[in-house]
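Student: I've never looked at this protein before. Could you walk me through it, one question at a time?

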Amino acid sequence: MHCIWAGKLEDEMYPTMGVFQTADLSDTLVHTFLYELFQLDSSAGTRESYIEHFMRLLCRKALALIKYVESHTNFGRDPLKISLRKLKHDLDLSQEGDFRTVIAQAEKLKPGFYCFLLGNNRLFAEPVYDI
């Protein structure tokens with residue numbers, strides 16, 4: 001996807017085989033995106049704008065996740081008191097693959113977020129603050 005985004009379709013930095021691997025996690029976000037992407041015409045630039053839209057959607061979902069966790073943890077000073085099931089339900093991320101995709105984007109936006117949310121709290125000594 002990065003090659004399509006950057007317009008480098010022959011980029012050797014990414015291997016041609018083994019980029020997409022099957023996972024046992026169910027997801028609807030990426031599956032729907034890929035299905036709809038290949039339904040679009042590639043000549044008019046609609047695919048590029050659709051990719052931009054999807055990336056914006058991922059960023060918004062990640063920001064919503066970050067703000068939700070910050071509001072329930074006093075900006076990372078307290079541990080999360082609600083369950084992950086409630087968090088996933090409130091943010092409409094019930095599929096595990098969707099949740100993992102959004103949390104990966106949240107980790108890009110706020111490094112250390114994954115470890116704070118899903119990691120061992122004893123290993124993560126310093127709180128997560130706003131950048």
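Predicted model: local features only at pLDDT ≥ 70, side-chain atom pairs only at ≥ 80, totals over all residues.

Student: Among contacts between residues at least 6 apart in sequence, what share joins residues at least 24 apart?

Tutor: For this one, heavy atoms within 4.5 Å make a contact. Among the contacts between residues at least 6 apart in sequence, the share that joins residues at least 24 apart is 55%.

Student: Let's zoom in on α3. What distance separates its end C-alpha atoms?

Tutor: Helix α3 covers residues 46–73, which makes 28 residues. At 1.5 Å a residue it should span 40 Å, and the model agrees, because the end C-alpha atoms are 40 Å apart.

Student: Which residue just after α3 takes a positive phi?

Tutor: Look just past the end of the helix, where phi is about 55°. The residue there is Asn74.

Student: At what angle do the axes of α3 and α5 cross?

Tutor: Helix α5 is made of residues 96–109. Two packed helices are described by the angle between their axes and the distance between the axes. Here the axes come within 8 Å and the crossing angle is roughly 80°. Angles of 65 to 115 degrees count as roughly perpendicular, so α3 and α5 are roughly perpendicular, with the angle itself at roughly 80°.

Student: How many residues of that contact are nonpolar?

Tutor: On the α3 side the contact includes Leu58, Ala62 and Leu65, while the α5 side includes Phe99, Val102 and Ile103. Sorting the residues of the contact gives 2 polar, 1 charged, and the nonpolar ones number 11.

Student: Which helices do the buried residues of α5 pack against?

Tutor: Those buried residues include Phe99, Val102, Ile103 and Ala106. Their packing partners are α2 (29–37), α3, α4 and α6 (113–118).

Student: On to α4. Is Leu87 buried or exposed?

Tutor: Leu87 lies in helix α4, residues 84–90. Leaving out residues up to four places away in sequence, it touches Leu65, Tyr68, Val69, Leu80, Ile82, Phe99 and Leu117. Its relative accessibility is 0%, so Leu87 counts as buried.

Student: How far apart in space are Leu87 and Leu65?

Tutor: Leu65 is one of the buried residues of α3. Along the sequence, Leu87 and Leu65 are 22 residues apart. In space, C-alpha to C-alpha, the distance is 8.4 Å.

Student: What about Asp90: buried, exposed or partly exposed?

Tutor: Asp90 also lies in helix α4. The relative accessible area is 37%, so Asp90 is partly exposed.

Student: Last one: where is Asp92, which has a positive phi although it is not a glycine?

Tutor: Its phi is about 55°. Asp92 is exposed because its relative accessible area is 61%. As for its place, Asp92 is in the loop between α4 and α5.

Conventions:
Residues numbered from 1 in each chain as written. Heavy atoms only, no water. Helix = DSSP H or I, 4+ residues; strand = E, 2+ residues; numbered from the N terminus. Buried < 20%, exposed > 50% of the residue type's maximum accessible area, 1.4 Å probe, protein only. Expected span 1.5 Å × (residues − 1). Axes fitted to C-alpha atoms, helices over the stretch in contact; angles between N-to-C directions. Parallel < 35°, antiparallel > 145°, perpendicular 65-115°, else oblique. Nonpolar A, V, L, I, M, F, W, Y, C, P; charged D, E, K, R; others polar.
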